[in-house]
Amino acid sequence: MSEAHLFAIGVLLAWLAGIRVYLTVFGIGLAGFFGWLDLPEALQATQSPWVLGVSGALAAAEFFADKIPGVDSIWDLLHTLLRVPVGAFLAAAALSPNGELSAGMLATGAGVALTSHLLKSGTRALLNTSPEPVSNWTASATEDAAVIGGLALAFSHPWIALAIVVGLTVLFALAVWWLWRKLFRRAPKAQPG
């Protein structure tokens with residue numbers, strides 16, 4: 001693969017880690033373990049049975065925690081400290097043929113992971129204002145499907161996946177901004193009479 005393809009894959013992995021960090025690591029490791037992908041040297045640690053076991057167990061825990069309103073927001077808050085550095089590592093590792101991680105890709109991956117994480121957390125915080133749990137479950141299931149589909153598409157068609165991610169990011173950012181304004185618009189001040 002060319003460096004441009006690896007760059008696109010790195011950005012996509014960082015974006016996915018910002019949404020579902022454990023599922024992303026588990027998916028990469030599983031693909032490497034079964035030989036579906038030839039992972040760069042820096043990502044080969046993800047195919048270790050220990051990493052697969054821990055990330056798989058944590059992905060299952062996240063699957064259930066993310067379906068409970070309120071718990072999902074606490075989970076997201078705690079995982080801000082994990083998703084960003086893991087996203088940075090995955091982005092840099094994807095572009096590292098010899099295991100050395102570049103500072104530029106670490107910074108790019110951190111920014112991308114933080115962006116997707118903030119969009120996810122912001123959307124979920126707004127959904128938690130709704131008293132019914134169906135919207136939360138739907139959002140969580142959509143995120144699970146997006147990460148699984150994104151992983152599959154990232155390695156087979158990285159440019160298509162990157163275009164989808166950029167489009168979805170812009171769309172979600174605009175939707176969150178619009179909804180935020182609608183929900184928290186200041187009431188007009190009374191005119192002195």
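Are Phe34 and Trp36 buried or exposed? Phe34 is exposed, and Trp36 is too; here exposed stands for over 50% relative accessible area, buried for under 20%, and partly exposed for what lies in between (1.4 Å probe, protein chains only).

A word on the model before we go on. The structure is a predicted model, where local features need pLDDT of at least 70, side-chain atom pairs count only at pLDDT 80 or more, and totals for chains, interfaces and linings use all residues. Residues are numbered from 1 along each chain as its sequence is written, and side-chain values use heavy atoms, with hydrogens and water left out.

**Aromatic rings**

There are 3 aromatic pairs in the structure. Rings of Phe, Tyr and Trp (its six-membered ring) pair if their centres lie within 6.5 Å; planes under 30 degrees apart are called stacked, over 60 edge-to-face, and the rest tilted. Phe34 and Trp36 count as stacked because their ring centres are 5.3 Å apart and their planes sit at 25 degrees. Phe63 and Phe64 have ring centres 5.1 Å apart and planes at 90 degrees, so this pair is edge-to-face. Of these two residues, Phe63 is partly exposed at 36% relative accessible area, while Phe64 is exposed at 55%. Ring pairs also join Phe33, Phe34 and Trp36 into a cluster.

Trp36 belongs to the loop between α2 and α3 (49–65); helices are DSSP runs (H or I, at least four residues), numbered from the N terminus. Its relative accessibility is 61%. Apart from neighbours within four places in sequence, Trp36 is in contact (heavy atoms within 4.5 Å) with Leu30 and Ala31.

Val25, in helix α2 (residues 21–33), counts as buried because its relative accessibility is 14%. With neighbours within four places in sequence set aside, Val25 is in contact with Thr46, Val51, Ser55, Val86 and Leu90.

**Salt bridges**

The whole structure has 9 salt bridges, each a side-chain nitrogen of Lys or Arg within 4 Å of a carboxyl oxygen of Asp or Glu. Here are some of them:

| Pair | N to O distance |
|---|---|
| Asp144 and Lys67 | 2.8 Å |
| Arg83 and Asp76 | 2.9 Å |
| Asp76 and Lys120 | 3.4 Å |

Asp76 in helix α4 and Lys120 in helix α5 link distant parts of the chain, 44 residues apart. Asp76 is buried, with a relative accessible area of 2%, and Lys120 is buried at 4%. Arg83 is buried as well, and so are Asp144 and Lys67. A network of salt bridges links Arg20, Glu62, Asp66, Lys67, Asp76, Arg83, Lys120, Glu143 and Asp144.

**Helix α7**

Helix α7 (residues 158–184) has 27 residues and reaches 38 Å from its first C-alpha to its last. That is close to the 39 Å expected, a span defined as 1.5 Å times one less than the number of residues. Among its buried residues are Pro158, Ala161 and Leu162, and their cover includes α1 (3–17), α5 (103–127) and α6 (134–156).

Val170, also in α7, is partly exposed, with a relative accessible area of 47%. Val170 is part of a nonpolar surface patch with Val166, Leu174, Trp177, Trp178, Leu179, Trp180, Leu183 and Phe184, which together have about 950 Å² of accessible area. Such a patch takes residues with over 30% relative accessible area and no salt bridge, joining like charges within 9 Å and nonpolar side chains (Val, Leu, Ile, Met, Phe, Trp, Tyr) within 5 Å. Accessible areas come from the Shrake-Rupley method with a 1.4 Å probe; for residues, only the protein chains shown count as cover.

Methods
Helix = DSSP H or I, 4+ residues; strand = E, 2+ residues; numbered from the N terminus.
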